[in-house]
Amino acid sequence: MTRPARERILVAADELFYGDGIANTGVDAVVERAGVALGSVYKNFGGKDGLVEAYLRRRDHLWRATWERVAADAATPLHRVLSVFDALQEWYRDRTADQGCAQVAGLLQLPAGHPAVAVARAHKEHLMRRLTELAEGLDEVDEVVEDVTLVYEGVLVRMLLGAAPGKAIPRARRLAELAVLAR
């Protein structure tokens with residue numbers, strides 16, 4: 001059975017917006033990749049702005065589900081905090097990492113008032129909030145969260161610059177672990 005038009009559009013938008021950039025990808029390219037009529041984009045998303053917002057929401061939802069599944073298996077506060085790297089490793093197992101973080105790319109490519117900017121900012125705020133929750137039981141939680149976040153964001157940039165996820169993510173995890181244990 002064929003996937004619904006909305007889902008095909010979102011999958012196509014994900015591939016194109018992440019791979020080629022939001023600003024460089026027109027609605028026509030998404031329509032062609034998805035194999036739908038142009039009207040389907042407007043019916044489901046109201047236009048490109050709504051599609052970009054839905055694209056970033058979908059990625060956020062998928063990322064959160066991956067992270068939560070991985071974090072659920074972590075037995076200690078240290079492993080729960082480091083689960084963000086384990087989830088990242090799983091996330092990039094079946095995806096390319098050559099564009100870094102899609103949410104950051106959205107922040108860089110979109111004007112401040114764009115509705116998708118709020119989605120990208122909420123994604124990053126959730127990262128900090130969730131790390132804070134997962135770090136409960138560790139000393140100096142605020143400092144731990146800052147350190148882990150800096151390493152996490154740094155590895156995303158390294159992958160944008162060509163670092164292989166299979167090498168960069170485990171290294172980032174080790175650095176974050178050292179930072180946490182140094183407290």
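Leu 16 counts as buried at 6% relative accessibility, where buried means under 20% relative accessible area, exposed over 50% and partly exposed in between, with a 1.4 Å probe and protein chains only. Leu 16 lies in helix α1; helices (H or I, at least four residues) and strands (E, at least two) are DSSP runs, numbered from the N terminus.

Before I continue, a word on the basis of these values. This is a predicted model, in which local features need pLDDT of at least 70 and side-chain atom pairs count only at pLDDT 80 or more, while totals for chains, interfaces and linings use all residues. Residues are numbered from 1 along each chain as its sequence is written, and side-chain values use heavy atoms, with hydrogens and water left out.

Which residues does Leu 16 touch, not counting residues up to four places away in sequence? They are Gly 21, Thr 25, Ala 29, Val 30 and Arg 33, contact being heavy atoms within 4.5 Å. Arg 33 is 17 residues from Leu 16 along the chain, and the C-alpha atoms of the two are separated by 8.6 Å.

This brings us to helix α2, residues 27–34, in which Val 27, Val 30, Val 31 and Ala 34 are buried. Seen down the axis of α2, these buried residues fall within an arc of 100°, so they line one face of the helix; the arc is that of the directions from the helix axis to the C-beta atoms. The face turned away from the buried side of α2 carries the exposed residues Asp 28 and Glu 32. The cover over the buried residues of α2 includes α1 (5–20), α3 (38–45) and α4 (48–71). Just after α2, Gly 35 takes a positive phi of about 70°.

Most residues other than glycine have a negative phi. Glu 140 is not a glycine, yet has a positive phi of about 50°. Glu 140 sits in the loop between α7 and α8 (141–160) and, at 47% relative accessibility, counts as partly exposed.

In α7, residues 115–134, we find His 123. Is His 123 buried or exposed? His 123 is buried, with a relative accessible area of 6%. Residues up to four places away in sequence aside, His 123 touches Asp 60, Trp 63, Arg 64 and Gln 103.

In α8 we find Leu 156, which counts as buried at 3% relative accessibility. Leaving aside neighbours within four places in sequence, Leu 156 is in contact with Leu 88, Tyr 92, Gly 100, Cys 101 and Lys 124.

Finally, the chain as a whole. How many helices and strands does the protein chain have? There are 9 helices and 0 strands. Of its 183 residues, 45% count as buried. Among contacts between residues at least 6 apart in sequence, 69% join residues at least 24 apart. With 183 residues, a compact globule would have a radius of gyration near 16 Å, and the 18 Å of the protein chain agrees; this radius is taken over C-alpha atoms, and the globule rule is 2.2 Å times the number of residues to the power 0.38. Taken along the principal axes, the C-alpha atoms fill a box of roughly 55 × 35 × 30 Å.
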